[in-house]
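I opened this notebook to record what I looked up, beginning with the ligand and ending with a pair of helices.

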Amino acid sequence: MELLEKKLQKHFGYSSFRSVQKEIITNVLNGDDTIVLMPTGGGKSICYQLPSLLLSGLTIVVSPLIALMQDQVQALKGNGIKAAYLNSTLSYSEEQDIMQDIRAGQMKILYVAPERLMTQGFLSFLRDLNISLFAIDEAHCLSSWGHQFRPDYKELKVLRQEFSDVPIIALTATADKTVRKEIGELLLLKRAKYFISSFDRPNLSLAVLPGQKKWEQLQKILLRNGGECGIIYCLSRKNTEDLADKLRRDGYSAQAYHAGLDNDERERTQNNFIHGDLKIVVATVAFGMGIDKSNVRFVIHYNMPGNLEGYYQEIGRAGRDGNPAEAVLFYSYRDVQMREGFIQDIEDEQYRNIQKAKLDRMREYAEAQVCRRQILLTYFSDRIEENCGNCDVCNNPPKFFDGTILAQKALSAVKRCEQKLTVTSLIDVLKGTNSPAVSQHQFQYIKTFGAGNDQTVFEWQLFIQQFIQLGLMEVDYKDGYRLKTTDFGEQVLFGKFKIDLVTPETIKTRQKVNKEKAAKIKSATTKGKNTFPMDDDLYEELRLLRKKIADKNGKPAFRIFSNASLENMSALKPKTMQDFLEVHGVGEFKAKQFGRLFMDKIKEYTH
Ligand code: ADP
Ligand code: ZN
């Protein structure tokens with residue numbers, strides 16, 4: 001085994017590097033600047049943590065969130081690595097102790113927030129130290145075009161100015177090409193090497209469902225996930241609270257999370273979720289950055305996000321353990337309208353246009369009738385040649401039918417009602433429903449009133465969505481979101497073109513997606529050690545033991561060993577320390593700490 005692999009095995013318990021990790025680490029150890037683009041859960045941390053162990057001095061990690069720092073430091077300490085963070089949660093004397101350790105050379109990795117790093121006092125403290133490496137985590141926060149701009153990140157150029165010999169590695173999971181380029185420029189990196197790892201997450205199934213009757217559909221998703229952990233993203237704070245309430249009343253373990261809640265409550269919710277006591281977090285985008293929880297089984301977007309970067313980052317929180325997980329997006333025109341509204345309020349024209357373009361990409365994803373993973377990966381300049389086989393479109397390719405007559409009915413209604421109908425009132429007219437909107441304008445007297453009674457409201461919603469996508473009609477945002485026929489629509493109305501629609505059955509079948517497919521894909525892609533089948537009963541025993549140890553140590557269970565490690569352990573049934581080190585995710589430090597306890601349990605079980 002080569003040196004780097006040995007180190008990886010010894011400290012982290014992994015037998016091999018993932019995709020470009022090794023090339024990145026080699027580049028860092030050569031003293032060169034590095035920019036890393038890797039999806040969430042891809043394994044960015046190892047890219048600076050492993051070098052830090054091989055370099056002589058201290059590695060400084062710039063990290064934007066307290067929760068993220070704590071989490072990483074806990075994980076490192078769990079592997080016996082000397083690490084600490086400096087942030088506002090520490091008392092003066094705790095800080096002094098840490099700085100003492102640093103001066104004494106008793107520290108390999110230090111996490112700090114950018115605002116702390118930039119203080120004159122702290123910079124001069126650093127000047128007296130032997131600094132080997134700066135790692136900038138969540139580096140997209142540097143770019144004002146990114147979706148999480150943090151002004152204090154811009155000041156990080158000081159690092160290159162003041163410590164010109166110290167290499168820098170910048171890492172992010174979310175950066176389009178503009179942002180990527182900016183990261184290098186803003187940090188004053190000259191010849192930084194870019195490493196982009198694949199964004200594909202084959203174990204994550206992708207689906208888009210109609211944004212109507214969401215509650216009913218949600219219950220089905222929760223049912224098939226039988227008590228597993230997941231996140232539901234909503235657009236507004238109020239939405240998160242309402243939905244969490246509703247879920248609790250239905251017997252689910254659910255809590256809301258948003259930036260308007262006080263710190264204690266947010267922290268409690270986050271910890272309960274990480275420890276597994278809380279199953280569902282209903283959150284705004286404020287939740288999730290830096291949360292390293294491997295067994296999140298689903299991420300549901302109750303509302304459509306504004307861009308694919310954010311979306312990909314959010315769904316990337318599911319299935320980090322490599323086991324099947326699902327990402328479901330509810331899509332409705334109402335959400336598009338809301339987003340358009342937000343964007344129109346942006347004053348800076350250039351910024352507004354960028355956000356608009358990003359929203360368009362998001363919509364294309366949501367409306368796609370081709371493999372969704374291809375759309376997603378192409379966006380991140382990754383490409384897959386074939387259909388993924390694990391998205392709703394691949395699983396249920398669209399079936400089409402001639403929808404010309406349906407379109408003509410709708411177009412005719414829109415015209416006869418003098419272009420005054422919204423999606424909702426158009427459906428009222430087609431169905432012949434005497435709603436207030438209808439009677440107000442006396443639409444019940446037009447010729448097409450009730451002409452679409454053979455179709456359900458749900459079906460009309462699906463059709464109208466497609467009419468808009470096909471360009472037969474458009475939503476006029478400036479005129480109360482009323483529908484207007486287009487030139488193309490006129491031509492269809494007068495029989496010059498035929499149009500095809502996706503059948504409602506296609507959509508209905510997609511609503512029934514299940515994870516079987518993902519499970520198959522997982523078993524095909526899992527390489528390595530799990531050649532023996534896992535032992536379910538033993539696995540349960542090991543989980544109980546882990547829970548005991550975790551409670552005793554006041555740590556989350558996955559910090560002792562991940563589920564993947566326990567699965568592998570139950571399969572390998574190690575008897576000796578050497579066997580135990582073969583288990584996925586077990587390094588020397590943890591083996592020494594917990595190996596005996598787990599092997600005793602295994603022995604007891606096999607006897
Ligand atoms: P992110 O890219 O989101 O920062 P992390 O660095 O937190 O991802 O890594 C995600 C998970 O993958 C962690 O549990 C980490 O220990 C694990 N991991 C990283 N590298 C490897 C590897 N080479 N083999 C197995 N697991 C790995
Ligand atoms: Zn697909």
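I began with polar contacts (pairs of N or O atoms within 3.5 Å) and noted that a polar side-chain atom of Gln21 lies 2.9 Å from a nitrogen atom of ligand 1. Lys44 brings a polar side-chain atom to 2.7 Å from an oxygen atom of ligand 1, and a backbone N or O atom of Gly42 lies 3.4 Å from an oxygen atom of the ligand. I then looked up the cover: ligand 1 taken alone exposes 570 Å², of which the protein buries 83%, with areas from the Shrake-Rupley method and a 1.4 Å probe.

The model is predicted, with local features needing pLDDT of at least 70, side-chain atom pairs counting only at pLDDT 80 or more, and totals for chains, interfaces and linings using all residues. Residues are numbered from 1 along each chain as its sequence is written, chains are lettered from A and ligands numbered from 1 in the order written, and side-chain values use heavy atoms, without hydrogens and water.

Which residues are closest to ligand 1? I found 14 residues around the ligand (a heavy atom within 4 Å), the closest being Tyr14, Ser16, Gly41, Lys44 and Ser45.

Next I turned to the helices (DSSP runs of H or I, at least four residues). The axes, lines fitted to C-alpha atoms over the stretch in contact, of α14 (residues 308-315) and α16 (residues 349-367) come within 8 Å and cross at roughly 55 degrees. Leu308, Glu309 and Tyr311 of α14 meet Lys358, Arg361, Met362 and Tyr365 of α16 (heavy atoms within 4.5 Å).

Technical notes: Axes are lines fitted to C-alpha atoms, for helices over the stretch in contact, and angles run from 0 to 180 degrees between N-to-C directions. Helices (H or I, at least four residues) and strands (E, at least two) are DSSP runs, numbered from the N terminus. A polar contact is a pair of N or O atoms within 3.5 Å; within protein, one must be able to donate a hydrogen and the other to accept it, and residues adjacent in sequence count only if both atoms are side-chain atoms.
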